[in-house]
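Trainee: I have a new structure on my screen. Can you walk me through it?
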Amino acid sequence: VPRPGVFIPIIEQLGLVRLIDRYVLDLAVQALIDNPTLNLAINISGLTSSDQSWLRTLSALVKNKPEIAQRLIIELTETSALTDIEESARFLSAIRELGCRVAVDDFGAGFTSFRHLKTLTLDIVKIDGSFVKNLTENVDNQLFIRNLLGLAEAYGMETVAECVETQEDARFLIGEGVK
């Protein structure tokens, strides 16, 4: 099975990513309507983050439905969020105003500064898997994660880790406060 990093750039080159992001949004909202205990996170492309029609569709789908909006998390990759930080901040703020939660995916893979975290007003930071693999053996990655957790906590953000593959790494992360 091809990884998203392989086929998403092709989909973007073909100009189809906005259609796919719209379809995923429709499916996610319908799943939340059908399953009242479900929480969902969907990734959107950087191209969609500047698409006002996608944002209008989200608004139409969750407006006056806080029970749906609060269970929907919209994720934007760190590199996409940094392409135009001010535009990303406005986009993510509009999503939060609708009652949805926002997350930055692959945190640490790009060049996010502490100022960027504050500017984006995120709910969730997803730690890039490259900092999580073999975590118990890598003191530098442990230091990065501890510092990120302190910052996230200060800003009231949750943290989630990607690519947790061992019990030892899971215990370390849970012990540090990662969900």
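**Inside the sheet**

Mentor: Start with S3, which is mostly covered: five of its seven residues are buried. Keep in mind that this is a predicted model.

Trainee: Which residues make up S3, and how does S3 pair with S4?

Mentor: Strand S3 covers residues 101-107. S3 and S4 pair in the parallel sense, over three bridges. Val104 has Val125 in S4 as its bridge partner.

Trainee: How many bridges join S2 to S3?

Mentor: Five, and S2 and S3 run parallel.

Trainee: What holds strands together in general?

Mentor: Strands of a sheet pair through backbone hydrogen bonds, parallel or antiparallel.

Trainee: Which way do the residues of S4 point?

Mentor: Strand S4 is residues 124-127. Ile124 and Lys126 point one way, and Val125 and Ile127 point the other way. They are all buried. In a regular strand the side chains alternate between the two faces of the sheet.

Trainee: Is Ala31 buried or partly exposed?

Mentor: Partly exposed, because its relative accessible area is 21% and buried means under 20%. Leaving aside its neighbours within four places in sequence, Ala31 is in contact with Leu38 and Leu40. Now find Ile11, which is 20 residues from Ala31 along the chain. Their C-alpha atoms are separated by 24 Å.

Trainee: Next, H6. How many residues does H6 have?

Mentor: H6 has 13 residues, 85-97. From first C-alpha to last, H6 reaches 18 Å, close to the 18 Å expected at 1.5 Å a residue.

Trainee: Which residues of H6 are buried?

Mentor: Ile85, Ser88, Ala89, Phe91, Leu92 and Ile95 are buried in H6. Seen down the axis of H6, the buried residues fall within an arc of 165 degrees, so they line one face of the helix.

Trainee: What does the face turned away carry?

Mentor: The face of H6 turned away from its buried side carries the exposed residues Arg90 and Glu97. H6 is then followed by Gly99, which has a positive phi, near 100 degrees.

Trainee: Which residues other than glycine have a positive phi?

Mentor: Asn64 is one of them, with phi near 60 degrees. Asn134 is another, at about 55 degrees. Most residues other than glycine have a negative phi.

Trainee: Where are those two?

Mentor: Asn64 is in the loop between helix H3 (52-62) and H4. Asn134 is in the loop between S4 and helix H8 (139-154). Asn64 counts as exposed, at 73% relative accessibility. Asn134 counts as partly exposed, at 48%.

Trainee: One more residue. What is Leu173 in contact with?

Mentor: Leu173 is in helix H9, residues 167-176. Leaving aside neighbours within four places in sequence, its contacts are Val132, Leu135, Ile145, Ala161, Val164 and Val178. Leu173 is buried, with a relative accessible area of 3%.

Trainee: Last topic. Where is confidence lowest?

Mentor: In helix H5, residues 78-83, at a mean pLDDT of 62. Helix H4, residues 66-69, is highest at 96. The mean pLDDT of the protein is 87, and 91% of its residues reach 70 or more. Where pLDDT is low, the predicted coordinates should not be read in detail.

Technical notes. Residues numbered from 1 in each chain as written. Predicted model: local features only at pLDDT ≥ 70, side-chain atom pairs only at ≥ 80, totals over all residues. Heavy atoms only, no water. pLDDT = per-residue confidence, 0-100. Helix = DSSP H or I, 4+ residues; strand = E, 2+ residues; numbered from the N terminus. Expected span 1.5 Å × (residues − 1). Buried < 20%, exposed > 50% of the residue type's maximum accessible area, 1.4 Å probe, protein only. Arc of directions from axis to C-beta. Pairing = 2+ DSSP bridges. Contact = heavy atoms within 4.5 Å.
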